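Hi,

Here is the structure I promised to pass on.

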Amino acid sequence: MGGFLPYVLLVLLPSLVLTGWAAWRVRSTYAKWSQVDSGINLSAFDFARRLLDRQGLTDVRIEPTPGQLTDHYDPRGRVLRVSQAVSGAAQLGSYDPSGASVRLAGTGGSLSVAAAAVIAHEVGHALQDRQRDPWMTVRQAIVPAVQFGSGVGPWLILGGVIFNAVSLAWIGLIAFGAAVVFTFVTLPVEIGASGKALAFVDSLGMTGERHGGARDVLKAAAWTYVAAALTALLTFLYYLMLIQGRRD
Ligand SMILES: [Zn+2]
């Protein structure tokens, strides 16, 4: 198969560069703004609770979750999970996950700009869920097709190309296409949540340089989703090239 070199040059190399750059940027931006006090005198969990309650999302629960940049909103369970890195629980060692609002021992209530931005972004997702945001709805609806398409699609394509079963390869490509669509539908969901997040932190008095910092953190995070979408698109185009190359 002569397909390996074009794969490296057209898909693997650009994807690695783009994904690596985006990951580096999100980590460095996060590291920078996690050193800067947001001026909001609340713990991460109290801040999350305050924002949720202000949006009328009193039924959304808050839970701690291990790791860094693992913060997320889970629409099925209506749970906002705050990472240890954001909550500072990893450094402080003790949190009490016994209630909806988890209190940190001895934080002094200092919330970094980065932590505030990340939490506000996840509250943005919770609000999108409540408002039945159309992009989020589409995104949730195609999840089963995406799981099927990204798992089975590439095998159907490769099998179809190897055994010259062109229609099988096309079915695989269409199935994989669902995964590509998913990564692109994710973009308006993420950018929408960040727009809401900036309005939230503004309303809590994070203005000027701190607002700029929150914007930088959210923008860096958005680039990781752009990188994922472009990687999926490049992979799709490569598969298309493989199928069409085989047909001639
Ligand atoms: Zn998000």
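Below is what turned up, going from the whole chain down to single residues.

Two things before you start. Numbering begins at 1 along each chain as its sequence is written. Please keep in mind that this is a predicted model, where local features need pLDDT of at least 70 and side-chain atom pairs count only at pLDDT 80 or more, while totals for chains, interfaces and linings use all residues.

The overall picture: the protein chain has nine helices and three strands. Both are DSSP runs numbered from the N terminus, helices being H or I with at least four residues and strands E with at least two. Reading from the N terminus, the order is α-α-β-β-β-α-α-α-α-α-α-α.

The three strands form an open, mixed sheet in the order β1-β3-β2, which leaves β1 and β2 as the edge strands. To count as paired, two strands need at least two DSSP bridges between them. β2 and β3 run antiparallel and are joined by three bridges; histidine 72, for instance, has arginine 81 in β3 as its bridge partner.

Then there's α2, which lies across β1 and β3 at about 150 degrees to β3. Angles run from 0 to 180 degrees between N-to-C directions, with axes fitted to C-alpha atoms, for helices over the stretch in contact. The axes of α2 (residues 44-54) and α5 (residues 113-130) also come within 10 Å and cross at roughly 35 degrees. On the α2 side the contact includes Phe47 and Leu51, and on the α5 side Ile119 and Val123 are among the residues involved.

Most residues other than glycine have a negative phi. Leucine 69, however, has a positive phi near 55 degrees; this residue sits in the loop between β1 (61-65) and β2 (72-74) and is partly exposed, with 15 other C-beta atoms within 10 Å. Arginine 78 also has a positive phi, about 50 degrees, and lies in the loop between β2 and β3 (79-83). Arginine 78 is partly exposed too, with 14 other C-beta atoms within 10 Å.

Cheers

Methods. A residue is buried if 20 or more other C-beta atoms lie within 10 Å of its own, exposed if 12 or fewer, and partly exposed in between; C-beta atoms are placed from the backbone. Two residues are in contact if their C-beta atoms, placed from the backbone, lie within 7 Å.
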